[in-house]
Amino acid sequence: MRKTPLKKRVTRSNRPRSNVDPTRAAIAALERIRTVLVNSGHEGRLGAPMSMKELAAQAQFLGMELPPSYVAAMRVASKIGDPEAFLVSDEMAAEADEIIAYGGEEARRYAPFCRAQDKLVCFDRGGGKRQITAVRYQGELPIVEWQDGSANPIAAHFGEWLDMVADAREESVESAAKMPQRLKRLLYELGFRFEYPVVGRLETGDVDAIEELIGQEHALHVRGEVDRLFDSSGKASLTLNVDEFTLAVSLRTGIFVYGAEDVFRWLRYFRDENFFGEDSATRGPSHPDAVRDLRRAAREAPLVMRGVMHVPTMPASEHVFRAASGTSATDFYLLGRTGSTSEHASSVVLHVVDGIVATRHVVDEPLNDLYVARDGSMWGLTTTHAVRFTGGRTKSFALRRPTHGRPWWYGIGGAADRVIVWGAGALLEFAGDGFVPFDPDAMLDDTESVVALVSHGVRVSALVCGDRMGAVARFDGMVWQPITEDQVIDANLADFDVWRGSAFVLDRDGGIWRVDKGPPHTVNLPIRQQAFLTEAGTPRPFHSVRAFDGGLLLASNGGVVVAHNTKEPVFHAAPGCRDPVRLVRIGDDDGRASDGKVNREAGIVALSGPHAWVFRNGSFNVLDMREL
């Protein structure tokens, strides 16, 4: 592949290119190199910090203290990827012997510290104090390149040399990004998108295209006994590095990297042309144009083994997620917390738009729940008070339990224009300057708690629990409906949901009760199916329930059981995760828009530790939280 030749920058004077402190210049250059490697998908080429023992050995070889800029850089990363390879002390001594053997006693002044293709980069220890004082920084040494028996001065100190390397790396990226128009057009037509100039990404379920790339024999090996080419996502993830023209493909059995020869063979499968040469009228394409948007291909059927399907994970590194709120599954808010257990741990509120975190806002409060009101104001709940965020201002409101007993707050939400908080012996609403008992009074006694609440406009349904019993209380916008004795459920209740006018109540033993107008009755679930059992064969514990058209979602530890009415249940698991899952409905609670039609923007958010998924149209979409 023909590329634009790079301009070689050579400094033949001992005068520094700038007056920047060499150590600062080295650290800044190293950060630029790190950015290029990370954005190019080569973060693994950065080495770990060099040990103090190795630095001491290098100083002993040098016969003097190492330059401060070199030490500072090595204490950050001992490798920066090709073509520059830093030497260890033994390699320094061996290369120095080669230089002396070739250049004689005069060459003893050169101490090699890096190999760059067929050249050695060296510290120049000789030349008297004149050379060192020209740098104007005590402890630094001039840099030379040794090649074929001659030394060529290239930099006044190590920081300046590393800055030149960073320049070359950035220029290489810019040069590689200048692809021929025919090649660039084909990549875009196939669906590749370039967030960074030399890295294109694509996800596809196009089996024919992937088999053409990897070959039939390799495809059969990947499929194995389960006959699946892709993982549970049903797609392959392709990462194209234009700088080296390598293509990394994520399949069911791992990630495979293909070189330029295979990549161009694959591209010519779609359109047979010479991407880098002139069009030739004497040679036509060997086959018709087969270009297509690979992103549009249907997903491969997911792999389900023993009732479990592993969902691809993109977890946050520093946060766990507690709550969600919003009116649309494509535009909502997430509440995250750090792993700290301190009473003063901060929270972070994320605005998720079209599956991507658009903004984040740090809140200096340990929030447990979140609610976004109709007027756009945002409310958070702590163990003692509610917090309102409007116009960049924060105001706290104390919460007081109107009945006797210890206060315990379960959640915050809303019904039409009301902001509601519920908990042990309490159902409160915001009255403009504070929280007061809900009007009309829910008539809770000291032993009763509102465990969960669901609203449909001005109507409210609440799960009220006492001592190993509970019932669904309904408010029609005017009065609370009476609860008869036959509506009480004799069980230890955990959660409930209301869908299409029916309440689904979850007890702590895993049973589901359906509550319509008459007495509650149990929902028959296929609890002997593999999806309902752990690897040890014991029943899964369930913490939360949400209904959808066609079935139920049951939240367990590390995953969610999707129990369809007409299909076998499947446990969607986050590999390696054991955190309890919390389910939160996003959008209108009854699945209807204001005009009475089905709300296509509604969804259910599943939160499990650092993982966040959105359930829509019968499947989960995993949110990418890896930057958090």
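The tour goes through a predicted model, one selection at a time.

**Stop 1: two packed helices**

Select residues 181–190, which make up helix H7, and residues 260–270, which make up helix H10. Two packed helices are described by the angle between their axes and the distance between the axes. For H7 and H10 the angle is about 75°, and the axes are 11 Å apart. The two helices are therefore roughly perpendicular to each other, because angles of 65 to 115 degrees count as such. Now show the side chains where they meet. H7 brings Leu183, Leu186, Leu187 and Leu190, while H10 brings Phe264, Leu267 and Phe270.

**Stop 2: salt bridges**

How many salt bridges does the structure hold? The count is 26, and a few of them are visited here.

Start with glutamate 105 and arginine 108, whose closest N and O atoms are 2.6 Å apart in a salt bridge. Glutamate 105 is exposed, at a relative accessible area of 56%. Arginine 108 is partly exposed, at 44%.

Next, select glutamate 106 and arginine 109. Their side chains form a salt bridge of 2.8 Å, N to O. Is glutamate 106 buried or exposed? Glutamate 106 is exposed, with a relative accessible area of 52%. Arginine 109, at 19%, is buried, because buried means under 20% relative accessible area.

Move on to glutamate 211 and arginine 223, a salt bridge with its closest N and O atoms 3.2 Å apart. This pair links distant parts of the chain: glutamate 211 belongs to helix H8 (residues 207–214) and arginine 223 to helix H9 (residues 216–223), twelve residues apart. Both glutamate 211 and arginine 223 are buried.

Finish this stop by selecting Arg32, Asp163, Asp167 and Glu170, which are linked in a network of salt bridges.

**Stop 3: the loop between E26 and E27**

Select strand E26 (470–475) and strand E27 (493–499), then look at the loop between them, where valine 488 sits. Valine 488 has 30% relative accessibility and counts as partly exposed. With Val488 they form a nonpolar patch on the surface, and together the three have about 220 Å² of accessible area.

Asparagine 492 lies in the loop between E26 and E27. Asparagine 492 is partly exposed, with a relative accessible area of 32%. Which residues is asparagine 492 in contact with, leaving aside its neighbours within four places in sequence? They are Arg468, Asp507 and Arg508.

**Stop 4: valine 545**

Select strand E31 (residues 544–548) and find valine 545 in it. Valine 545 has 0% relative accessibility and counts as buried. Not counting residues up to four places away in sequence, valine 545 touches several residues, among them Asp495, Phe496 and Asp497. Phe504, Leu506 and Ile512 are also touched by valine 545, as are Leu552, Leu553, Leu554 and Leu583.

Note on methods: Residues are numbered from 1 along each chain as its sequence is written. This is a predicted model: local features need pLDDT of at least 70, side-chain atom pairs count only at pLDDT 80 or more; totals for chains, interfaces and linings use all residues. Side-chain values use heavy atoms; hydrogens and water are left out. Patches are made of residues with over 30% relative accessible area and no salt bridge: like charges are joined within 9 Å, nonpolar side chains (Val, Leu, Ile, Met, Phe, Trp, Tyr) within 5 Å. Accessible areas come from the Shrake-Rupley method with a 1.4 Å probe; for residues, only the protein chains shown count as cover. A salt bridge is a side-chain nitrogen of Lys or Arg within 4 Å of a carboxyl oxygen of Asp or Glu. Helices (H or I, at least four residues) and strands (E, at least two) are DSSP runs, numbered from the N terminus. Buried means under 20% relative accessible area, exposed over 50%, partly exposed in between (1.4 Å probe, protein chains only). Axes are lines fitted to C-alpha atoms, for helices over the stretch in contact, and angles run from 0 to 180 degrees between N-to-C directions. Angles under 35 degrees count as roughly parallel, over 145 as roughly antiparallel, 65 to 115 as roughly perpendicular and the rest as oblique. Contact means heavy atoms within 4.5 Å.
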